[in-house]
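This report looks at salt bridges and pockets. The structure comes first.

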Amino acid sequence: MDKNRIIKIKSQFDATIHRVPDTEVEFWLARELMILLGYERWENFEKVVKRAIESCETSGIQVLDHFREVTKMVRLGSGAKRKIKDYMLTRYACYLIAQNGDPKKDEIAFAQGYFAVQTRKQELIEERISYIERTEARGRLRESEKRLSQNIYERGVDDAGFGRIRSKGDSALFGGHTTQEMKERLGVKGSRPLADFLPTLTIAAKNLATEMTNYNVEEKDLQGEVAITSEHIQNNSSVREMLGERGIKPEELPPSEDIKKLERRVKSQEKKIAEQSGRFLITSDNEEE
């Protein structure tokens with residue numbers, strides 16, 4: 001997500017902050033958040049809210065500290081009024097909603113970063129979004145490689161053959177450097193996957209090539225290690241050529257932090273987000289005018 005888009009979305013989120021009277025507790029209203037997160041129908045968004053409530057319960061955190069159902073009076077076109085359901089949401093509640101939202105929406109990725117950062121400084125939000133984009137890219141690559149493994153197994157190739165196919169694809173993508181050579185260049189130890197230390201761009205490149213291989217293996221019903229290897233090499237070479245046209249050589253990109261360490265660090269921050277966001281201590285009739 002580019003910086004200008006982050007600035008624009010951040011200003012929209014900042015503009016919808018409410019505060020519990022006489023406290024420092026910030027909250028958002030679900031119907032306002034729904035629009036910010038790119039949802040059009042309340043029925044669909046409320047499902048996300050309910051999944052977030054379940055996540056809160058699973059984490060052992062008191063739901064009512066972070067989610068408060070309220071009713072609001074709205075004026076209809078005829079001039080009459082009617083009650084509608086809404087929710088008051090702490091920052092932690094909003095974070096859980098973002099975690100349970102549609103990952104294909106840019107707004108969801110932004111919200112995960114925005115609500116995870118106590119100070120909401122732009123550079124910290126950008127850092128968090130970068131982490132989210134990298135972990136999501138890694139997940140997509142993991143799934144496409146799993147699918148490739150299944151595809152080639154069904155076509156007469158064993159696990160050792162899958163390893164050879166993947167390695168030759170890496171060699172084509174990295175300008176002749178094998179998987180092991182790239183691990184040595186990037187300081188990857190032992191049996192750890194190379195992809196856990198690659199930057200987001202390279203992970204996405206590997207995923208694109210793998211998805212292309214999956215597509216053609218299935219569409220052309222390619223059989224055997226030789227045919228599938230040739231296909232995978234061609235696809236990785238094509239992706240490398242595309243990157244080269246933009247002056248990018250995958251083998252020259254610096255390594256990124258071990259993604260497993262990143263995941264552990266983020267996981268350890270989960271309860272801190274709940275603690276730092278404040279909690280509702282109000283006892284009202286749960287109705288807003």
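Arg138 and Asp196 join their side chains in a salt bridge, 2.7 Å from N to O. A salt bridge here is a side-chain nitrogen of Lys or Arg within 4 Å of a carboxyl oxygen of Asp or Glu. The pair links distant parts of the chain, 58 residues apart. Arg138 sits in helix 6 (residues 122-153), and Asp196 in the loop between helix 8 (179-186) and helix 9 (200-219). Helices are DSSP runs (H or I, at least four residues), numbered from the N terminus. Arg138 and Asp196 are both buried. Buried means under 20% relative accessible area, exposed over 50%, and partly exposed in between (1.4 Å probe, protein chains only). Arg138 and Asp196 also belong to a salt-bridge network with Arg192 and Asp258.

This is a predicted model: local features need pLDDT of at least 70, side-chain atom pairs count only at pLDDT 80 or more, and totals for chains, interfaces and linings use all residues. Residues are numbered from 1 along each chain as its sequence is written, and side-chain values use heavy atoms, with hydrogens and water left out.

## Other salt bridges

The whole structure holds 19 salt bridges. One of them pairs Glu145 with Arg166, with the closest N and O atoms 3.2 Å apart. Glu145 lies in helix 6 and Arg166 in helix 7 (residues 159-173), so the bridge ties together parts 21 residues apart in sequence. Glu145 is buried at 12% relative accessible area. Arg166 is partly exposed at 33%.

Arg164 and Glu225 meet in a salt bridge at 2.8 Å, N to O. Arg164 is in helix 7 and Glu225 in helix 10 (residues 224-245), 61 residues apart. Arg164 is partly exposed at 39% relative accessibility. Glu225 is also partly exposed, at 23%.

## The largest pocket

A pocket is an open set of points on a 1 Å grid over the protein atoms alone, where a 1.4 Å probe fits, with protein on both sides within 12 Å along at least five of seven lines; lining residues have an atom within 4 Å of a point. The largest pocket holds about 430 Å³ of space. Its lining has 17 residues, with Val117, Leu124, Glu127, Arg128 and Gln269 nearest the centre. Helix 11 gives the largest share, seven residues.

## The second largest pocket

The second largest pocket holds about 290 Å³. Its lining includes Tyr95, Arg128, Thr135 and Glu270. Helix 4 (91-99), helix 6 and helix 11 each give two or more residues. Helix 6 supplies the largest share, five residues.

Technical notes: Points joined across faces, edges and corners; volume = space filled by probe spheres on them.
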